[in-house]
Amino acid sequence: MSAHINENFLSLKESYLFAEIARRIRTWQAANPADAPKLIRMGIGDVTRPLPKTVVHAMEKAVREMGVEETFRGYGPEQGYDFLKEAIQRYYDGFHVSLQLDEIFISDGAKSDLGNILDLFSEDNTVLVTDPVYPVYVDTNVMGGRKIVYAMSSEENDFLPMPDPSVKADLIYLCSPNNPTGAVYNREQLKAWVDFAREHDSIILFDAAYECFVTGDLPHSIFEIPGARDVAIEFCSFSKKAGFTGTRCGYTVVPRTLERNHGNLNHMWLRRQTTKFNGVSYITQRGAEAVFSRKGEKQIEENIEYYRKNAKIITDTMDKLSVYYTGGKNSPYIWLKCPGNMSSWDFFDKLLNEAFVVGTPGAGFGESGEKFFRLTAFSTHKNTKEAMVRFEKLVKSMK
Ligand code: PLP
């Protein structure tokens, strides 16, 4: 007798992207004198603006409540407090999406739920991911032993792959605005995916972690698309919206009526969460609630506007240099074609060694990412401006 491991873990590829970036930076640092120009990091996917004041005050108040017998709270509902779910419900009303409170599940972030949702699905399911891809979708399914098929994207489809009738899948991951490409599906394109899922009885796992960057008439939620309630689950997060990357809070929307082979997915998710999860702290949920207050919304908009301004500094530079890119308009990510037709790692080295700027090589996000590069808008204005001056000089020197 011996314990048997899940051998699917042996099939995981080492996630070497950020480790390799760190290694190359260390090599650069060792080879460069201390008075070399300051390295500017434009590869980070983490926010830099602090929590909005309203959020901090709400959390401080909640901490004080927890320290007083009359207002102390122990275990909360696993699926989240109504006060936060009601705030989210009102937020969705703003997109004309009507949600019931029991369709909203509060969690400690989108990443956990994106992985945990797979408890609901059989290992026999085939999974479709778009390439380039947020690696969590791939690795969680490799761990579960599922077959993965890829919808490749490129300049031709502006990094917004559409359904291919010859490639069927049971689970379909869509991320819009996308990480890493910053590309955003419009209503018509999302409708084509919803119709495809309806036709094939697939389920769309829709990652809306960057919806707060969307402007104009582009959809924030898949549930804005008619028919999506029968085929989709949506994941969202306070991480990028309100600086909760370290505080941890997100939510998942599972429609009440979503069913497959006699199983109700809303009931199954409730059962899964009440069994394996004990909820997000009261303090954090009070902080998240404050995100939707009038003051909170205003402060959050200021932070998002800060990142948007950085994105514009980057896209203006790309426009000036006639470099092809996606994103940056409704997203904190700018996905650009490596100048001089370089491979993404060669361009990474050139940018590091000659412009002292760090980005993320597209090849790290999948095959379609080769020859592309990701810059993020999460730095400071000062650094973003300086990085773009250096970028421009470098690209001009290549011509
Ligand atoms: N989904 C995407 C596409 C992301 O890029 C990220 C984080 O970078 C997440 C989900 C994770 O969000 P959270 O911080 O809520 O776990």
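## Basis of the model

The model is predicted; local features require pLDDT of at least 70 and side-chain atom pairs count only at pLDDT 80 or more, while totals for chains, interfaces and linings use all residues. Residues are numbered from 1 along each chain as its sequence is written, and side-chain values use heavy atoms, with hydrogens and water left out.

## Ligand site

Of the 15 residues around the ligand, those that come nearest are Asp207, Tyr210, Ser237, Ser239 and Arg248; a residue is near a molecule or strand if one of its heavy atoms lies within 4 Å of it.

Polar contacts are pairs of N or O atoms within 3.5 Å; within protein, one atom must be able to donate a hydrogen and the other to accept it, and residues adjacent in sequence count only if both atoms are side-chain atoms. A polar backbone atom of Ala110 lies 2.8 Å from a ligand oxygen atom, and a polar backbone atom of Lys111 is 3.0 Å from an oxygen atom of the ligand. Tyr210 places a polar side-chain atom 2.6 Å from an oxygen atom of the ligand. The protein covers 90% of the 390 Å² of accessible area that the ligand has on its own (Shrake-Rupley method with a 1.4 Å probe; for residues, only the protein chains shown count as cover).

Ser107 belongs to strand β2 (residues 104-107); helices (H or I, at least four residues) and strands (E, at least two) are DSSP runs, numbered from the N terminus. With a relative accessible area of 1%, Ser107 is buried (buried means under 20% relative accessible area, exposed over 50%, partly exposed in between; 1.4 Å probe, protein chains only). Its side chain reaches the backbone oxygen of Gly109 at 3.1 Å.

Cys249 is located in the loop between α7 (239-242) and β8 (250-253) and is buried at 0% relative accessibility. Beyond four places in sequence, the contacts of Cys249 (heavy atoms within 4.5 Å) include Ser107, Ser237, Ser239 and Thr284. The C-alpha atoms of Cys249 and Gln285 are 7.4 Å apart, although 36 residues separate them along the chain.

## Helix α6

Helix α6 (residues 187-200) comprises 14 residues and reaches 20 Å from its first C-alpha to its last, close to the 20 Å expected at 1.5 Å a residue; the expected span is 1.5 Å times one less than the number of residues. Its buried residues are Leu190, Trp193, Val194, Phe196 and Ala197. They cover an arc of only 160° around the axis and therefore lie on the same side of α6, the arc being that of the directions from the helix axis to the C-beta atoms.

At the start of α6, a side-chain oxygen of Asn186 comes to within 3.1 Å of the backbone nitrogen of Glu188. Just after α6, Asp201 adopts a positive phi of about 60°.

## Helix α11

Helix α11 (residues 344-355) has 12 residues and spans 15 Å from first C-alpha to last, close to the 16 Å expected. Ser344, Trp345, Phe347, Phe348, Leu351, Leu352 and Ala355 are buried in α11. These residues cover an arc of only 160° around the axis, which puts them on the same side of α11.

Among the elements covering the buried residues of α11 are α1 (17-31), β12 (333-337) and α12 (381-398).
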